[in-house]
Amino acid sequence: MTATLSPAALEGLLQRAREARDPSLLVAAIPYAQFLGLEIELEGDGVRGRLRYDESLIGDATIPALHGGTIAALLESTAILDVLWREEDEIVLPRTITFTIDYLRSGRPVDTLCRASIVRQGKRVVVVSVSAFQEADESRPIATAVVHLLVARDTSDAD
């Protein structure tokens, strides 16, 4: 996800999405998420990611298995959108500092779900644990990740 939205545009978009209780409005503003077929749904106070299966997402046609990059994109996007959705103070597009992924098993050619959990919320950095699973079986994740996100506004351009 790139920071192409101005802070005011991001805040307006987030406000419209919250009022409509429709986080998919955020995904509609992200061309790469649309390309992947990523969907975001409300779940409790946060969001849940869903990657709709499409043949173009296959990385190894001999198995067939989902491409690892698409699974990573699902995990990272869900973490960022979950933090953004939960943000109550200053709205800042979270930026990835580190992303560590563990691929646990092959992603079969079916829809993949993803759930994020905030491990630690600081003023500048949020640590998020994310898990991707298939067929609603959270006990057998296909991949997990830990994402460190910068949530402080960039003041490097300020004088």
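## Basis of the description

In this predicted model, local features need pLDDT of at least 70 and side-chain atom pairs count only at pLDDT 80 or more, whereas totals for chains, interfaces and linings use all residues. Residues are numbered from 1 along each chain as its sequence is written, and side-chain values use heavy atoms, with hydrogens and water left out.

Helices (H or I, at least four residues) and strands (E, at least two) are DSSP runs, numbered from the N terminus. Two strands pair if DSSP finds at least two bridges between them.

## The sheet

Six strands form an open sheet of 6 strands in the order β1-β2-β6-β7-β8-β5, with antiparallel pairing. Its edge strands are β1 (38-43) and β5 (95-103), each of which pairs on one side only. On average, neighbouring strands of this sheet are turned by 25° against each other, direction ignored. Axes here are lines fitted to C-alpha atoms, for helices over the stretch in contact, and angles run from 0 to 180 degrees between N-to-C directions.

## Strand pairs

β1 and β2 run antiparallel and are joined by 6 bridges. Within this pair, I40 stands opposite G49 in β2, and E43 stands opposite G46 in β2. The hairpin of β1 and β2 has 2 residues between the strands, and G44 takes a positive phi near 60° there. On its other pairing, β2 joins β6 in the antiparallel sense over 4 bridges, with R48 opposite R115 in β6. Because 6 of the 6 residues of β2 are buried (under 20% relative accessible area; exposed is over 50%, partly exposed in between, with a 1.4 Å probe and protein chains only), β2 is largely enclosed by the rest of the structure.

Strands β7 (residues 125-134) and β8 (residues 143-150) also run antiparallel, joined by 8 bridges. V125 has L150 as its bridge partner in β8.

## Helix α4 across the sheet

Helix α4 (residues 68-86) lies across β1, β2 (46-51), β5, β6 (112-121), β7 and β8, running at about 160° to β2. It has 19 residues and reaches 27 Å from its first C-alpha to its last, close to the 27 Å expected at 1.5 Å a residue; the expected span is 1.5 Å times one less than the number of residues. Of the 19 residues of α4, 15 are buried, so the helix is largely enclosed by the rest of the structure.

## Packing of α1 against α4

The axes of helix α1 (residues 7-19) and α4 come within 10 Å and cross at roughly 80°. That makes α1 roughly perpendicular to α4, a label for angles of 65 to 115 degrees (under 35 is roughly parallel, over 145 roughly antiparallel, the rest oblique).

In this packing, L10, L14, A17 and R18 in α1 meet L84, W85 and R86 in α4, where contact means heavy atoms within 4.5 Å. By class, the contact has 5 nonpolar, no polar and 2 charged residues. Ala, Val, Leu, Ile, Met, Phe, Trp, Tyr, Cys and Pro count as nonpolar, Asp, Glu, Lys and Arg as charged, and the others, Gly among them, as polar.

## Surroundings of S131

S131 is found in strand β7 and counts as buried at 18% relative accessibility. Leaving aside neighbours within four places in sequence, S131 is in contact with L75, L113, C114, R115, P141, A143 and T144.
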